[in-house]
Number of protein chains: 2
Amino acid sequence: MTYRHPDRAQIRVDDVLSALGNHVRLAAVRVLDAGGEHNCTSVLEAIGVTAKSTMTHHWRVLRESGVIWQQASGRENLVTLRRDDLDARYPGLLDAVLTGAREDEALETVPTHLW
Amino acid sequence: MTYRHPDRAQIRVDDVLSALGNHVRLAAVRVLDAGGEHNCTSVLEAIGVTAKSTMTHHWRVLRESGVIWQQASGRENLVTLRRDDLDARYPGLLDAVLTGAREDEALETVPTHLW
């Protein structure tokens, strides 16, 4: 199976934002950003999502917006963050998003009476 | 009518991204970013949206995610970008998004045979 992806010039910022604007997809992108090539199942396990069909939808949204490459390789399904393309088209965007996600997470672990 | 807004600490990056990840809402935010206080109707006219009920939904998404302040003032309904809050929580994010939107627009005006 060959997946279709937008070329770098076809990527649009509203599609990227919409793709990243979901906590499951954002969690998946954070796993991919930690580096290396991943298969769909390992990311699924890393973020604690068990519904494979739901994740299939999320991969499609990430792929069609230009956020990830996805390719079948034997029985595996590999996913990689398109960091070069995103950084080239939208300098600073991905870093700001990933830093923001980490900050949000840190905030959520602070007891609310300390806010 | 008083609208409810999240406090700065309640803002979450996935909500912000989801709010900005729509071409109508992104166009509205670009108008607000150009500065000044706007009323809903003037933004509607600036971006060429005529369906007021649709826009009511968009304002709600932008408000509840923490992207804008919205307040009734007499017969007017005023909207302002929460740039201070967004820049404080997610440094560089809004600028990267707005620059990206401008770049996308520029790309779309280039004849496709020059891509």
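Contact is taken here as heavy atoms within 4.5 Å. The structure described is a predicted model.

In chain B of this model, helix H4 (residues 52–64) lies across strands E2 and E3. The helix runs at about 120 degrees to E2(B). The two strands belong to an open sheet of 3 strands in chain B, with antiparallel pairing and the order E1-E3-E2. Strand E1 (38–39) and strand E2 (68–73) of chain B are the edge strands, each pairing on one side only. Strand E3 (residues 76–81) of chain B is joined to E1(B) in the antiparallel sense over 2 bridges. Within the sheet, B:Asn39 stands opposite B:Leu78, a residue of E3(B).

For chain A, the UniProt record, an unreviewed entry, lists "domain: HTH arsR-type" at residues 5–105. Over residues 5–105, chain A is 59% helix and 14% strand. The end C-alpha atoms of this stretch are 31 Å apart.

A:Arg89 is found in helix H5 of chain A, which covers residues 83–89. The relative accessibility of A:Arg89 is 12%, so the residue counts as buried, the cut-off being under 20%. Leaving aside residues up to four places away in sequence, A:Arg89 touches A:Arg8, A:Ala9, A:Gln10, A:Ile11 and A:Arg12 in chain A, and B:Asp104 and B:Leu107 in chain B. With B:Asp104 there is also a polar contact, made between the side chain of A:Arg89 and the side chain of B:Asp104 at 2.5 Å.

Notes: Residues numbered from 1 in each chain as written. Chains lettered and ligands numbered in written order. Predicted model: local features only at pLDDT ≥ 70, side-chain atom pairs only at ≥ 80, totals over all residues. Heavy atoms only, no water. UniProt positions renumbered as here; feature names shortened; annotations may be inferred. Helix = DSSP H or I, 4+ residues; strand = E, 2+ residues; numbered from the N terminus. Buried < 20%, exposed > 50% of the residue type's maximum accessible area, 1.4 Å probe, protein only. Polar contact = N/O pair within 3.5 Å; in protein donor to acceptor, adjacent residues only side chain to side chain. Pairing = 2+ DSSP bridges. Axes fitted to C-alpha atoms, helices over the stretch in contact; angles between N-to-C directions.
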